[in-house]
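Please read the following report alongside the sequence and the three-dimensional view. It takes up a sheet and the helices around it, and then a pair of helices.

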Amino acid sequence: MNRTKRILCGAMTAAMIMGLTACDEETPVNSSGSAGAPQVEAPSTTTSASTTADPDENAPTDAGIKEIGTDTYTPDGNSGKIVWLGYYDLETDGSASEQYKIFTSDLYGGQIEYVSTTSGSEYFEKLATMISSDDSPDIVRYEWQSFPTGMSKNMYEPLDGEIDLTSPLWSEMADVAENFAYKGKHYYFPYRITTNFALNYNKKSLEEYALPDPYDLYKENNWTWDTFKQLLIDWCNADDKHIGYAGEGAMSFIATTGTTLVKVQKDGTAKNNIGDINVSRAMDFCQELYRNGLTHQGELGDWVSPQTWADNSDRLLFLGMNPEWTYGAAAKQVQDKKGVEDDICNTVSDFAFVPFPRDPSADKYYIAYDTFGYMVAKGAKNKKGAIDWINLNRVYETDENINATKRKEAVDPEPVYYTSGKYEGYQKWALVWDENQYDLWQDMMDPTKFSFVFDDCWGFNDDLKTVCNTVLFDPLFRGESFTKLSAEYSPVIDSIING
């Protein structure tokens, strides 16, 4: 694109945005699709906070603190210092930086000390060491092995009586929080439901072969195992080089039956469901996909990333992966391939996603989900401040004004320009969400729209994770017999979850 077209494009975008009723100094959406909170005109129950924290020098020049409602939770301004043990800095991380600003403002009166660690087993080793030496952090991130393993090892403080699940702030998350109750106690109050996996696809690829759009099938309540399989067949029959499905293993298909491979009970014991009829039925369906040549069998390498899929979406129809990450990463990959000369002007991506298909025999539309949230470490010195932080994140997640502006920033982001260098004055590229896709993504995190299923097989140790990966991936992508794997690994699962 030449310079004249660049300037025209920027002018047209600016003119379009000026014609809208926009909020002041909005933070543009980033390449992953997440956006900062808005600066909005607040209702009477909203309090404005201010801070002296310096913004990231590479961030947009919006140093102001966003206004957040205080009607569902009113801080007392004395949160104090809390210690955060994590593998990223809350102050600079895009998913928490705005909450950090609010927490460290006069509104909450808090401070956050960052203790760095790596993720995985080292994270839990560091936490155990700090607890045993009476140097506990105050807040830690929920990890898959926090439930039930971390809870069984007494690594967290119970929060019963500290957070009210019947309150307007938390009532919609009550059922989700109950799913993580351990031996009658509540250690984890997730503030956000997140999509685990979805079926990502390129609309243009389907249009080329006059095949139905899965989004339309979903809206018609006709997106089922059967229509999914038929679409794979039609796609693969259209060209010998076509690949039907890659990515996530069979867990998401099992989830659509309303069942999980492993389920932790209320009393803390765990149940091995590998022999459950619904698990077997879902695995039979996955094995059939393999036998019909409808799944990825190494044609694009061992693991297909969103970037690899973006480069091959004319061959690979569906990538089962986290949609928030995939939607943005695939669009950015296409943009990057064009080079920086074309790295301007926001356009809606041709990529799309839908939930995994509904099990036609299930009583509801079930999908796998994940959660995000924080826990209070055992022996925390500032439990009150930690609870303030947890409540703040729930307020931020549910504030109507913030969510309205998040949506606008996603589907109609403000232009951001290079401020120096060769391209000074030119508009930077930013992901623009399709409105239907953004709303579907929000629906897929709404417990009133879907019935959520979470598999507890990730919550024990790396050995069980390896076993589950073998059981869930090999029949779908390598043609292994699930019946054989089930017989071989069921006793192993029992020994781990009952050990």
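## The sheet

Strand S3 (residues 80-86) pairs with S4 in the parallel sense over seven bridges, where strands are DSSP runs of E with at least two residues, numbered from the N terminus, and pairing requires that DSSP finds at least two bridges between two strands. Within this pairing, Ile 82 has Ile 112 in S4 as its bridge partner.

This is a predicted model, in which local features need pLDDT of at least 70 and side-chain atom pairs count only at pLDDT 80 or more, while totals for chains, interfaces and linings use all residues. Residues are numbered from 1 along each chain as its sequence is written, and side-chain values use heavy atoms, with hydrogens and water left out.

The open sheet has four strands in the order S4-S3-S5-S14, with mixed pairing. Its edge strands, each pairing on one side only, are S4 (110-116) and S14 (374-376).

## Helices on the sheet

Helix H3 (residues 121-132) packs on the sheet and touches S3, S4 and strand S5 (139-141), contact meaning heavy atoms within 4.5 Å; helices are DSSP runs of H or I with at least four residues. The direction of H3 makes about 140° with that of S3, angles running from 0 to 180 degrees between N-to-C directions of axes, which are lines fitted to C-alpha atoms, for helices over the stretch in contact. Helix H13 (residues 383-398) lies across S3, S4, S5 and S14, and runs at about 165° to S14.

## A helix pair

The axes of helix H8 (residues 225-238) and helix H10 (residues 277-291) come within 11 Å and cross at roughly 10°. H8 is therefore roughly parallel to H10, a term for angles under 35 degrees.

How values were computed:
Parallel < 35°, antiparallel > 145°, perpendicular 65-115°, else oblique.
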